[in-house]
Amino acid sequence: MAIRKIRELGAFGDSVLKKPCKEVKEITPRIQDLINDMFDTLYEANGVGLAAPQVGILKRIVVIDVTGEDPILLINPKVLETSGEQTGYEGCLSVPGKTGRVTRPNYVKMLAYDENLESFEIEGTELLARAMLHEMDHLEGHIYVEKVEGSLQDVDDIEEEE
């Protein structure tokens, strides 16, 4: 297992972050290595979620862990239902040191596949819903900064306000 380089938006932006991803059709040893590396990279970066394009791979794979003890793998996820609304500060491992206010649904239900390509449904509220939808955006070639209400701020400035 390895830590992969996280692609960053930066001044010019890494073009891989703006491209839609392709579905995973089979779990190969390379895909399994990618999944393991994504979890390692997520934990090393102290993140909540990571999508494959953030490590330069245009595949529909997401890893999430909002508690640090509950890893979630979503392969080829699809949003089935959303409801409610929440507004809060959001950040991204591909936009280090920045944050912005984003409004998203407070509840989401998704259909996804596990490491054996068996389908399952998963529901999330609050932070988990935010993370699931944030990572879904990555799979479509979008980054949260497109949804920021107002302007991006330095993470340090937000912590001082609270």
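**Exercise 1. Count the salt bridges in this predicted model, then work out what the pair Glu23 and Lys78 ties together.**

Solution. Begin with the total: the count comes to 9 salt bridges. One of them is formed by Glu23 and Lys78, with their closest N and O atoms 3.3 Å apart. Now place the partners: Glu23 sits in the segment before α1 (29-44) and Lys78 in strand β3, so the pair ties together parts 55 residues apart in sequence.

**Exercise 2. Decide whether Arg130 is buried or exposed, and find its salt-bridge partner.**

Solution. The cut-off for buried is under 20% relative accessible area. Arg130 has 8% relative accessibility, so it counts as buried. Its partner is Glu90, with the closest N and O atoms 2.5 Å apart. Because Arg130 belongs to helix α2 and Glu90 to strand β4 (residues 86-92), the pair ties together parts 40 residues apart in sequence. Glu90 is buried as well, at 4%.

Next, look at the helix itself. In α2, 12 of the 14 residues are buried, so the helix is largely enclosed by the rest of the structure.

**Exercise 3. Asp65 is buried: find its nearest side chain of opposite charge, then its polar contacts.**

Solution. Start with charge: Asp65 has no salt bridge, and the nearest side chain of opposite charge, Arg130, is 16 Å away. Then turn to polar contacts: the side chains of Asp65 and Tyr43 are joined by one of 2.5 Å. The Asp65 side chain also reaches the backbone nitrogen of Glu69 at 3.2 Å.

Key. Residues numbered from 1 in each chain as written. Predicted model: local features only at pLDDT ≥ 70, side-chain atom pairs only at ≥ 80, totals over all residues. Heavy atoms only, no water. Buried < 20%, exposed > 50% of the residue type's maximum accessible area, 1.4 Å probe, protein only. Lys, Arg positive; Asp, Glu negative; His and termini not counted. Salt bridge = Lys/Arg side-chain N within 4 Å of Asp/Glu carboxyl O. Polar contact = N/O pair within 3.5 Å; in protein donor to acceptor, adjacent residues only side chain to side chain. Helix = DSSP H or I, 4+ residues; strand = E, 2+ residues; numbered from the N terminus.
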